[in-house]
Amino acid sequence: MRAIRTRSQERILNLLKTVKQGISAQDIYVELRSRNQSMGLATVYRSLESLKLEGMVQVRTLGNGEALYNLAQQDKHHLTCLQCGASIPINQCPVHDLEEQLQSKHKFKIFYHTLEFFGLCSQCQLAQAAGE
């Protein structure tokens, strides 16, 4: 059963369909303004929250606390550098079986999961070793 969505939610979903990577709420706000579909920033946040609870949008929080939103299509896995912010996608899912077990055992409907490892990329390790 599909939820009834507000015009704001529909506009955000349509925008997210056109972006390839995660986008911040602030950038969604700016992009909608440039498309003459302006709405208040609070409305953007409220709409994203509703879409998240519906399982339509997934959110990924970076090391700096910034939240990035995208359509909930597939699970995301990353190695993220705390120094430069580089984010390397991991294609294979090491916890897929665990997700199925948890869903079954707890009768919990899982929309998606994220898996993120934080540390230093090779470039930042070299810079650190060089004492920069």
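From the N terminus on, the elements of the protein run α-α-α-β-β-β-β-α-β-α, and the secondary structure comes to five helices and five strands. The model described here is predicted, and every value below is computed from it.

**Overall form and surface**

The C-alpha trace of the protein spans about 55 × 45 × 20 Å along its principal axes. Of the 132 residues in the protein, 30% are buried. When contacts between residues at least 6 apart in sequence are considered, 51% of them join residues at least 24 apart. The accessible surface of the protein comes to about 9000 Å², and carbon and sulfur atoms account for 51% of that surface. As for charge, the protein carries 15 positive and 12 negative charges, whose mean positions are 10 Å apart.

**Residues in their setting**

| Residue | Relative accessibility | Class |
|---|---|---|
| N70 | 11% | buried |
| I88 | 43% | partly exposed |
| G65 | 51% | exposed |

N70 is found in strand β2, which covers residues 67-71. Because its relative accessibility is 11%, N70 counts as buried, the cut-off for that class being under 20%. Leaving aside its neighbours within four places in sequence, N70 is in contact with L16, G22, M56, V57, Q58 and K76.

G65 is found in the loop between β1, which covers residues 57-61, and β2, the strand that holds N70. With a relative accessible area of 51%, G65 is exposed, since that class begins at values over 50%. G65 and K52 are 13 residues apart along the chain, and their C-alpha atoms are separated by 18 Å.

I88 lies in strand β4, made up of residues 87-89. Its relative accessibility of 43% is the reason why I88 counts as partly exposed, because the value falls between the limits of 20% for buried and 50% for exposed residues. On the surface, I88 forms a nonpolar patch with L79 and F117, and the three residues together have about 260 Å² of accessible area.

Notes. Residues are numbered from 1 along each chain as its sequence is written. This is a predicted model: local features need pLDDT of at least 70, side-chain atom pairs count only at pLDDT 80 or more; totals for chains, interfaces and linings use all residues. Side-chain values use heavy atoms; hydrogens and water are left out. Patches are made of residues with over 30% relative accessible area and no salt bridge: like charges are joined within 9 Å, nonpolar side chains (Val, Leu, Ile, Met, Phe, Trp, Tyr) within 5 Å. Accessible areas come from the Shrake-Rupley method with a 1.4 Å probe; for residues, only the protein chains shown count as cover. A salt bridge is a side-chain nitrogen of Lys or Arg within 4 Å of a carboxyl oxygen of Asp or Glu. Helices (H or I, at least four residues) and strands (E, at least two) are DSSP runs, numbered from the N terminus. Buried means under 20% relative accessible area, exposed over 50%, partly exposed in between (1.4 Å probe, protein chains only). Contact means heavy atoms within 4.5 Å. Lys and Arg count as positive and Asp and Glu as negative; His and the chain ends are not counted. The place of a charge is taken as NZ of Lys, CZ of Arg, CG of Asp or CD of Glu.
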